[in-house]
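Visitor: I would like to go through this model and ask what lies behind each label. Please show it to me.
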Amino acid sequence: MKYKSQAVAKLYFIAAIGLFLGQILFGLIMGLQYVVGDFLFPVIPFNVARMVHTNLLIVWLLFGFMGASYYLIPEESETELYSPKLAIITFWIFLVAGAVTVLGYLLVPYASLAKWTGNDLLNTMGREFLEQPLPTKVGIVIVALSWLFNIVMTVLKGRKTAISIVLSLGMLGLAVFFLFSFYNPVNLVKDKFYWWWVVHLWVEGVWELILGAMLAFVLIKVTGVDREVVEKWLYVIITMTLVTGIIGTGHHYFWIGAPAYWQWWGSVFSALEPIPFLMMTIFAFNMVNKRRREHPNKAAVLWALGTSVMAFLGAGLWGFLHTLAPINYYTHGTQLTAAHGHLAFFGAYALVVLTMISYAMPILRGRAANPERAQIMEMWSFWLMTISMFFIALFLTGAGIVQVWLQRMSPTPMSFMAVQDQISIFYWAREGAGLVFLIGLLLYIGSFFVKGESRAFE
Amino acid sequence: MPPAININNQDDLPGDFAIWIFIFAEMLAFGVLFVAYAFSRAQDVELFNASQLTLSRISGAINTLVLITSSYFVVQGVAAIKRGLNKQCAHWLTGAFILGGVFVVIKMVEFHAKFAADITMSTNNFYMFYLSLTFFHFMHVLMGMVILAMIIMKAKRGGYSTQDYVGVETGASFWHMVDFLWIILFPLVYIIR
Amino acid sequence: MANNKALFPTVIWLTLVALTIITFSLGESAMSGKGVMLTLLAITMIKSQLVANYFMALRKTKFLWRAIMFGYFIIVGSLIAMAYLMGLK
C-alpha cells in the first residue's frame with residue numbers, strides 16, 4: 001500500500017462481500033420459490049425476496065465501486081485521499097441505511113413502509129430496483145455526492161490520469177442519473193422513460209466507465225504495460241460505449257408506447273453495444289500477452305481476464321440475443337431477460353469488483369499477493385462461480401425459449417402460469433447451479449482466511 | 001524535390017489505428033441502416049417513391065459536390081504535410097473546414113423546410129429513415145469539423161513534420177469516411193427509385 | 001512523373017464530380033426501372049471505392065484492409081440491389 005488513506009477501501013470491500021453473500025442467499029430462496037411457491041411463506045414472500053435480492057446486488061456493487069475508487073484514486077493521483085474520515089463516515093451511513101432499508105423490506109409490509117417514510121409526500125416507491133423508501137433514496141444521493149466530492153478533490157490536488165478522469169466521469173453520471181428516480185409520473189410511458197434513464201443509463205452507460213477504468217487500472221498494475229497504450233484503448237472503448245449505450249436506450253422503448261422509430265434506433269444502436277465489450281476482451285488479452293512482468297498475484301489476472309470475457313458474453317452476446325425489435329417482440333420480459341440480467345451483472349460488474357478486491361486486498365493486508373494455497377482456492381472459486389453462473393444463464397435461456405414458444409408463438413398459446421409449470425425443470429436446474437455458485441462464494445470467502453507463506457513486496 | 005521520408009509502414013492504415021476502429025464501426029452502423037432502408041422500401045414502394053420526390057435533390061447534389069471537394073482539399077492537405085509544409089496544410093484543411101460549414105448550412109435549410117412542413121420521424125417510414133440517416137450523418141460532419149479544426153490549429157503552430165503527421169492522417173481518414181458515407185446516402189435516399 | 005503524381009488526386013476529384021452530375025441528371029430525368037437503378041448503384045459503389053482507394057490511400061495498404069472496404073461496398077451494394085429488385089416484383 002503506497003498511501004495510508006487507501007486503507008479505507010478495506011472496510012468497503014468487506015461490506016461488499018458480506019452483502020454479496022446476502023444477495024446470493026436471497027437469490028436461492030426465490031429460486032426455490034419459483035418451483036415451491038409457498039416456501040417460507042408468509043415470512044418472506046417472493047416479491048420481498050426479489051426486492052432484497054436485487055437491492056442487495058446494487059448496494060454491494062456500489063460498496064465495491066466506492067472501495068475500489070478509494071483504493072485506486074490515491075495511487076493514480078499520487079497523493080493521499082482528500083478526506084479518509086469522510087470516507088469512513090460515509091461508509092457507516094451507507095451501511096446502516098442499507099441495513100435498515102433491508103430490514104424494513106423484511107419486517108414491514110411494503111405499503112406500510114411507504115406510508116411511514118413519506119411516500120405520499122413525494123411518490124417514488126414501487127418500481128423495480130428503485131423500491132427504496134424516500135429517506136433511503138435521499139441517503140443514496142448524499143452518499144454518492146460525498147463519494148464523488150472526496151474523489152474529485154483528491155484527483156484535483158494530484159496527478160490527473162485518463163483512468164481517474166474516466167472513473168470520476170462515471171461516478172458523476174451515476175450520481176446525476178440517480179436523480180431521475182425522484183420523479184415518478186402518473187403517465188405509465190413517461191414513468192418507464194424516467195425509470196430506464198436510471199436503470200439503463202447506469203448499467204449500459206456510466207457504470208461501464210467505472211468498469212473500464214477499474215479494469216484498466218488492474219491491467220496496468222499486473223502487466224506493467226505502458227500507460228499510454230492502455231489509456232488510448234480506454235478512451236476508444238468508453239467513447240463507443242457512450243455512443244452505443246445512450247442511443248441504445250431505445251431498445252427499452254419498443255412496446256411501451258414510445259414512437260415507432262425507436263424500434264429502428266434502438267435495434268441498430270443497441271446491436272452495436274457488444275462492440276466495446278469485444279474490444280475490452282481483446283484489450284485485456286493483448287495486455288496480458290504483452291506483459292512486462294510476472295505479477296505474483298495470479299488470481300487477480302484470472303479475475304481480470306474473466307471479467308472481460310464474461311462481460312462480453314453476458315452483456316454483449318446475451319444482450320444482442322433479444323435486442324432486435326422483431327425478436328424482442330416475442331422475448332420481451334421473458335426468462336431470456338432474466339438470463340441476460342444474471343450473466344451481465346455477474347460478468348461485468350460483480351467480476352470487476354471481485355477483480356479489484358482480489359488485486360487490492362492482499363496489498364491492503366500488507367503483502368504483494370496471497371499465499372499460493374489461498375490463490376489456488378480463489379481461482380477455484382472463480383471457476384465455480386463463473387461456470388455455475390454461465391449455467392444459470394443457459395438454463396434460464398432454455399426456460400425463456402420454451403416460454404416464448406408455448407406462451408407467445410404456438411398456435412394454441414398457453415397461459416403464463418401453465419407455462420411456468422412446463423418449464424419447472426429448468427428452474428430446478430437453475431437452483432442446482434445456484435447452489436454450486438454459493439459453494440464457490442463460500443470458497444472465495446474462505447480463501448481470505450488461508451494462512452501460509454505469502455509473497456512480500458519485491 | 002527529395003522524396004519525403006515516410007516513417008509509417010505502408011502496410012498500415014493511414015492515421016492512428018484507433019480511428020479505424022471507429023471508422024469500421026461507423027461503416028457497420030450506416031451499412032445496417034442503408035440495408036434496412038432498402039428493405040423497408042421494398043415493403044411499401046409507392047409511399048417511399050412519393051415521399052422521396054418531396055426531397056430537394058438539388059441541395060443533396062450540391063452537398064455531394066461540396067463534400068467531394070472538401071475531401072479533395074484534405075488529400076492536398078495531407079500531401080502538403082508529408083512535405084513538411086504546415087502552413088499549406090492548414091490552408092487546405094481550412095478550405096475543407098469551410099466546405100464542411102457550407103454542407104451544414106445547406107443541410108439545416110433542408111431540415112428547416114421539412115420541420116416547417118410538419119414532417120417528423122413519425123410521419124412515415126420514409127421520413128423516419130430520411131431524418132435518421134441524414135441527422136446521424138450530419139452529426140458526423142460536425143464531429144469531423146471539430147477534428148479538422150483541432151488539426152488546423154496544431155498545423156498553424158507548426159506542430160507537424162515530415163516525421164510526424166499521423167494526427168493529420170487520422171483526421172483525414174475520418175473526413176473521407178464522412179464523405180463516402182454521404183456518397184452512398186445521397187443516391188440511395190434522394191435519387192434511386 | 002512527380003507532376004503526374006500531384007495531378008492524380010485532381011483527376012480522381014474530377015471523376016467524382018462528373019459521376020455525381022451523372023447521378024443527379026439521371027435522377028432529374030425521372031427515369032426509373034431496373035437498368036437505371038443498377039446503373040446508379042454501380043456508379044455509387046465506384047465513387048465510394050475511388051474515395052477509399054485514392055483519397056483514403058488504402059490502395060497501398062495490406063490486402064486485409066482493402067478487402068474489408070471492397071467487401072463492404074459489394075455486400076451493402078448487393079443487399080440494396082436485392083431489396084430494390086424485390087420492390088419491383
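Guide: This is a predicted model. Across the interface of chain C and chain B, the rule finds 1 salt bridge.

Visitor: What makes the pair C:Glu28 and B:Arg57 a salt bridge?

Guide: The cut-off is a Lys or Arg side-chain nitrogen within 4 Å of a carboxyl oxygen of Asp or Glu. The side chains of C:Glu28 and B:Arg57 meet at 2.6 Å, N to O. That value is within 4 Å, so the pair counts as a salt bridge.

Visitor: How many salt bridges are there between chain A and chain B?

Guide: The count is 1. A:Lys232 pairs with B:Asp16, and their closest N and O atoms are 3.1 Å apart. This is also within the 4 Å limit, so the label holds.

Visitor: How do you know which chains touch, and which two share the most contacts?

Guide: Contact means heavy atoms within 4.5 Å. There are 2 pairs of chains in contact, and chains B and C share the most contacts. Chain A and chain C are joined by no contact. Their closest C-alpha atoms lie 15 Å apart.

Visitor: How much area is buried between chain C and chain B?

Guide: About 3,900 Å², with carbon and sulfur atoms giving 77% of it. In chain C, the residues that lose the most area to chain B are C:Met56, C:Tyr72 and C:Tyr84. Together they make up 18% of what that side buries. The contact takes 41 residues from chain C and 46 from chain B.

Visitor: And what area is buried between chain A and chain B?

Guide: About 1,400 Å², of which 87% comes from carbon and sulfur atoms. On the chain A side, A:Tyr261, A:Trp264 and A:Trp265 lose the most area to chain B. Together they account for 40% of what that side buries. Here 13 residues of chain A meet 19 residues of chain B.

Visitor: Which secondary structure elements does chain C have?

Guide: Chain C has 3 helices and 0 strands. Along the sequence the pattern reads α-α-α.

Visitor: Why is chain C called more spread out than a compact globule?

Guide: Its radius of gyration is 16 Å. The globule rule gives 12 Å for 89 residues. The value for chain C is well over that, so chain C is more spread out than a compact globule. The C-alpha trace of chain C spans about 50 × 30 × 15 Å along its principal axes. Of the 89 residues, 45% count as buried.

Visitor: Why is C:Asn53 called buried?

Guide: Buried means under 20% relative accessible area. C:Asn53 has 16%, so it counts as buried. C:Asn53 lies in helix α2 of chain C, residues 34-55. Leaving out residues up to four places away in sequence, C:Asn53 touches C:Leu58 and C:Arg59.

Visitor: Is A:Leu172 buried, exposed or partly exposed, and why?

Guide: Partly exposed, because its relative accessible area is 40%. The class runs between the buried limit of 20% and the exposed limit of 50%. A:Leu172 is found in helix α6 of chain A.

Key
Residues numbered from 1 in each chain as written. Chains lettered and ligands numbered in written order. Predicted model: local features only at pLDDT ≥ 70, side-chain atom pairs only at ≥ 80, totals over all residues. Heavy atoms only, no water. Helix = DSSP H or I, 4+ residues; strand = E, 2+ residues; numbered from the N terminus. Buried < 20%, exposed > 50% of the residue type's maximum accessible area, 1.4 Å probe, protein only. Rg over C-alpha atoms; globule rule 2.2 N^0.38 Å. Buried area = accessible area lost by both parts, 1.4 Å probe.
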